Amino acid sequence: MLNFLILLILMFSLVTALFNGKIDFLCNQLLDSPQKAVELTVTVGCSICLWSGVMEVARQSGLLRFLSKFFSPILSLLFPGIKKDSPAAQAVCLNLAANLLGLGAAAAPAGICAVSQFQRACLDPSVACDNSILLILLNTASLQLIPTTAAMLRLQAGSAAPMEILPAVWMASVLSVTTGIIAAKGMAHIANAKLPSHSKIIRRENA
């Protein structure tokens with residue numbers, strides 16, 4: 001399907017350029033695009049490597065353990081049954097910290113680690129538990145304080161003020177995360193209400 005869409009876009013661009021007499025412009029853009037793609041990949045990749053290294057330093061220095069203890073009331077509220085010193089709590093803190101810095105790609109490994117820890121406690125690891133679903137939702141909604149990746153893309157595209165999107169990012173992040181948490185908790189409550197009483201106990205113990 002994706003190959004068909006790319007081919008369709010290319011054909012549409014070619015036909016449009018022919019009708020508008022801009023075939024030379026189209027050819028120049030096609031020749032320049034690979035170079036721009038490589039430059040963009042290197043720029044964003046270097047940024048991700050830098051912040052991933054910072055996160056690893058934070059993990060090895062014990063900062064994540066401190067953060068997991070500091071944020072334990074919030075983590076306990078969002079993720080019932082999570083222990084403040086557990087690997088799952090540290091992975092969740094690392095994931096949320098990376099997202100706060102706008103580093104979605106750097107947050108992915110920590111999110112995968114946290115979800116795997118949650119699923120190990122489930123009776124059926126092939127079925128996502130409530131905590132895993134909520135973490136995936138938070139990672140997707142991505143509450144951001146500093147949109148590093150977006151600012152990097154804007155700077156690469158020639159923006160004179162790449163961080164001017166901060167108010168819009170903050171508003172969108174708060175609204176999306178709040179809506180996501182309400183939806184996830186509401187759906188989990190509905191799903192648990194439909195389970196038999198003995199299944200509720202097992203699910204609560206293994207969430």
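The model is predicted, so local features are described where pLDDT is at least 70 and side-chain atom pairs count only at pLDDT 80 or more, while totals for chains, interfaces and linings use all residues. Residues are numbered from 1 along each chain as its sequence is written, and side-chain values use heavy atoms, with hydrogens and water left out.

The interior comes first. A nonpolar core is taken here as a set of buried Ala, Val, Leu, Ile, Met, Phe, Trp, Tyr and Cys residues joined through side-chain atoms within 4.5 Å. Buried stands for under 20% relative accessible area, exposed for over 50%, and partly exposed for values in between, with a 1.4 Å probe and protein chains only. The largest such core has 19 residues, and the members touching the most others are Leu75, Phe79, Ile82, Val92, Phe118 and Leu135. At least two residues of this core come from each of the helices H4 (72–78), H5 (87–100), H6 (104–120), H7 (130–141) and H9 (166–193). H5 supplies the largest share, five residues. Helices (H or I, at least four residues) and strands (E, at least two) are DSSP runs, numbered from the N terminus. There is also a second, separate core of 11 residues, with Ala58, Ala97, Ala98 and Ala107 among them.

Rings of Phe, Tyr and Trp (its six-membered ring) pair if their centres lie within 6.5 Å; planes under 30 degrees apart count as stacked, over 60 as edge-to-face and the rest as tilted. By this rule there is one aromatic pair. Phe79 and Phe118 form this stacked pair, with 5.7 Å from centre to centre and 20° between the planes. Phe79 is buried at 0% relative accessibility, and Phe118 is buried at 5%.

Charged contacts are quickly told. With a salt bridge defined as a side-chain nitrogen of Lys or Arg within 4 Å of a carboxyl oxygen of Asp or Glu, the structure holds one. It joins Arg154 to Glu164, whose closest N and O atoms are 3.0 Å apart. Arg154 belongs to helix H8 (residues 148–156), whereas Glu164 lies 10 residues away in the loop between H8 and H9. Arg154 is partly exposed at 24% relative accessible area, and Glu164 is exposed at 55%.

Axes are lines fitted to C-alpha atoms, for helices over the stretch in contact, and angles run from 0 to 180 degrees between N-to-C directions. Angles under 35 degrees count as roughly parallel, over 145 as roughly antiparallel, 65 to 115 as roughly perpendicular and the rest as oblique. The axes of H7 and H9 come within 9 Å and cross at roughly 165°, which makes H7 roughly antiparallel to H9. H5 and H6 pack with axes 8 Å apart at an angle of about 155°, and are therefore roughly antiparallel to each other.

One backbone detail remains. Ser142, in the loop between H7 and H8, has a positive phi of about 60° although it is not a glycine. Ser142 is buried at 9% relative accessibility.
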